[in-house]
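Here's a quick tour for anyone meeting this structure for the first time. Have a look at it, then read on.

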Amino acid sequence: MLRGPEVVKIYVLRIGHRPSRDKRVTTHVGLVARAFGASGFILGDVRDEAVLKSILKVCSLWGGSSFHVEDGVNSLDYVKKWRELGGLVIHLTMYGLHVDDVIEEIRKSGKDLLVVVGASKVPREYYELADYNVAIGHQPHSEVAALAVFLDRYFKGGELRFIFSDAKLYVVPSPKGKLVVRSEERSEPEGLDKVH
Ligand code: SAM
């Protein structure tokens with residue numbers, strides 16, 4: 001599968017971020033978004049330069065210069081606008097419908113997706129505005145895990161083979177050691193799909 005502008009756009013919106021305590025988890029949400037095939041990460045309602053900087057640093061080294069990163073947007077307005085433009089809003093919550101019961105319908109829609117994940121308690125409005133409230137199982141766990149499983153189900157595991165064509169650093173799979181090459185040293189590997 002070749003990832004490019006013709007494919008569905010998936011953005012991840014992180015809401016409820018508390019800069020004093022959520023930096024690490026929110027950064028991981030952004031990193032999972034990028035690594036698991038989303039095209040953008042939006043931090044709702046607050047600004048947090050440290051989070052953006054960490055994500056952009058990974059993009060600059062490991063690829064993803066077109067990965068969209070933004071903070072300080074009004075989350076509710078963003079969700080409403082996304083729907084007005086014809087995209088689907090997916091809210092990840094343990095109270096929603098089981099992912100395996102809706103993922104095919106979501107994929108088949110062919111629509112752009114805004115995947116909303118919370119930090120603290122998610123206001124009721126998001127449950128109502130979402131086209132799908134999706135549960136990754138019905139136990140409380142983590143936004144990082146929930147996002148990873150959702151994207152993995154959406155891409156049917158194919159995202160783990162995506163590569164970033166603009167990566168400066170690239171891992172060569174190795175049974176024991178750590179083998180990293182710089183892009184100028186690398187020839188295009190077979191069996192891996194390009195992303196962005
Ligand atoms: N207590 C909060 C509430 O009731 O809204 C949720 C806190 S949880 C640590 C943070 C986020 O992880 C949630 O907003 C949701 O997006 C995600 N999450 C946690 N467990 C989930 C599950 N089983 N399925 C889907 N998303 C989940």
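What follows covers the ligand and its surroundings, then a few salt bridges.

## Before we start

This is a predicted model, where local features need pLDDT of at least 70 and side-chain atom pairs count only at pLDDT 80 or more, while totals for chains, interfaces and linings use all residues. Residues are numbered from 1 along each chain as its sequence is written, and side-chain values use heavy atoms, with hydrogens and water left out.

## Around the ligand

Which residues come nearest to the ligand? Out of 18 around it, they are L92, I136, G137, Q139 and H141. (Being near takes a heavy atom within 4 Å of the molecule.) By type, the shell splits into nine nonpolar, seven polar and two charged residues. Here Ala, Val, Leu, Ile, Met, Phe, Trp, Tyr, Cys and Pro are nonpolar, Asp, Glu, Lys and Arg are charged, and the others, Gly among them, are polar.

Helices (H or I, at least four residues) and strands (E, at least two) are DSSP runs, numbered from the N terminus.

A ligand nitrogen sits 2.7 Å from a polar backbone atom of Q139, and a ligand nitrogen is 3.1 Å from a polar side-chain atom of H141. On the oxygen side, a ligand oxygen is 3.2 Å from a polar backbone atom of G118. The protein covers 79% of the 570 Å² of accessible area that the ligand has on its own (Shrake-Rupley method, 1.4 Å probe).

## Salt bridges

The whole structure holds nine salt bridges, each a side-chain nitrogen of Lys or Arg within 4 Å of a carboxyl oxygen of Asp or Glu. One of them joins D71 and R47, with the closest N and O atoms 2.7 Å apart. This pair links distant parts of the chain, 24 residues apart: D71 is in strand 3 (residues 68-73) and R47 in the loop between strand 2 (40-44) and helix 2 (49-62). D71 is buried at 11% relative accessible area, while R47 is exposed at 61%. (Buried is under 20%, exposed over 50%, partly exposed in between, with a 1.4 Å probe and protein chains only.)

Another bridge connects D131 and R83, at 2.9 Å between the closest N and O atoms. D131 lies in the loop between helix 5 (124-129) and strand 6 and R83 in helix 3, so the bridge ties together parts 48 residues apart in sequence.

Key: Polar contact = N/O pair within 3.5 Å; in protein donor to acceptor, adjacent residues only side chain to side chain.
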